[in-house]
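The sequence and the structure are shown first.

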Amino acid sequence: METVRIDEMTWVELEAKAKALHGPPIVILPTGALEQHGPHLPLGTDAMMPRFLAERIAPEIGGLVAPTLSYGFKSQPKSGGGNHFPGCVSLDASTYIALVKDVICDLARHGLSRITLFDGHMENQWFLTEAADLALRALKAEGVADVKIVKLGYWTYLTKATEDVLFPEGLLSWELEHAAVMETSVMLHLAPELVRQDLIPDGPPAAFPLYDVYPVDTRPIPETGVLSSAKSASAEKGRAVVAQVVPDIAAALREAFELGEA
Ligand code: ZN
Ligand code: MN
């Protein structure tokens, strides 16, 4: 099969795609983090999840996948357990914004002017917005026109029906889902060899105050780093997530970039 990964192409192959008559292909840039995901999931979970999905979505839209940004903004206690856990290696916001902006700008300068910021780590969200804004401003000043950037977090595409499969008793919140049922299920489906199945944690959901404290108060954070029980995760649930979000996100990108029907 022909690769969708830009880093596996030659410049000659990439140039031909960028200059396609019907316009350049959509480039999906997976954005993740190196962040603790409990005792059972790998540190790279937030980078792997969008990469795995992007590599399945790209062929459906004639798209490409840029190398994943494996580092992201700092883990936050209420959505990722916090950056104090060993293995959380993160970027300051200003560094992260500059990194994403530079990648967007160079893709666009080479004619790859349809770019999707495809996020797997909630804490990146507003900094991706800022990077997109600053990149468009810089590109406009350079005379690089017709650049379109779409930003999305893949988890926001889960339908109510898929949510019901994942959480028969109801979803607590996406923040508390960190390293819990959804991510564990998808990893069990797509990369079971990376899941320490005997260490999947169970326990009550974390109870945080509404305010944030700096320096971080670690007392409300569960010791495992997992913010709610992952016990009911399964590969079948993961399969249901992938089967639903891949075509739905492909359709959304087709719509966003006005590509017409498949
Ligand atoms: Zn995660
Ligand atoms: Mn995360």
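Are His37 and Glu183 buried or exposed? Both His37 and Glu183 are buried (under 20% relative accessible area with a 1.4 Å probe, protein chains only).

## Basis of the model

This is a predicted model, in which local features need pLDDT of at least 70, side-chain atom pairs count only at pLDDT 80 or more, and totals for chains, interfaces and linings use all residues. Residues are numbered from 1 along each chain as its sequence is written, chains are lettered from A and ligands numbered from 1 in the order in which they are written, and side-chain values use heavy atoms, with hydrogens and water left out.

## Zinc site

The zinc ion (ligand 1) is coordinated by His37 (NE2), Asp46 (OD), Glu183 (OE) and Glu183 (OE), at 1.8 to 2.8 Å; donors are N, O and S atoms within 2.8 Å of the metal (3.2 Å for Na, K and Ca). Asp46 coordinates both this zinc ion and the manganese ion (ligand 2), and the two ions are 3.6 Å apart. His37 lies in the loop between strand E1 (27–31) and helix H2 (45–57), and Glu183 in helix H7 (residues 181–190), so the pair ties together parts that are 146 residues apart in sequence. Helices (H or I, at least four residues) and strands (E, at least two) are DSSP runs, numbered from the N terminus.

## Strand E3

In strand E3 (residues 114–119), 6 of 6 residues are buried. Arg114, Thr116 and Phe118 cover one side, and Ile115, Leu117 and Asp119 the other.

Strand E3 runs parallel to E1, joined by 5 bridges, and parallel to strand E4 (residues 148–153), joined by 6 bridges. Ile115 is the bridge partner of Val27 and stands opposite Ile149 in E4.

Definitions and conventions:
Buried means under 20% relative accessible area, exposed over 50%, partly exposed in between (1.4 Å probe, protein chains only). Two strands pair if DSSP finds at least two bridges between them.
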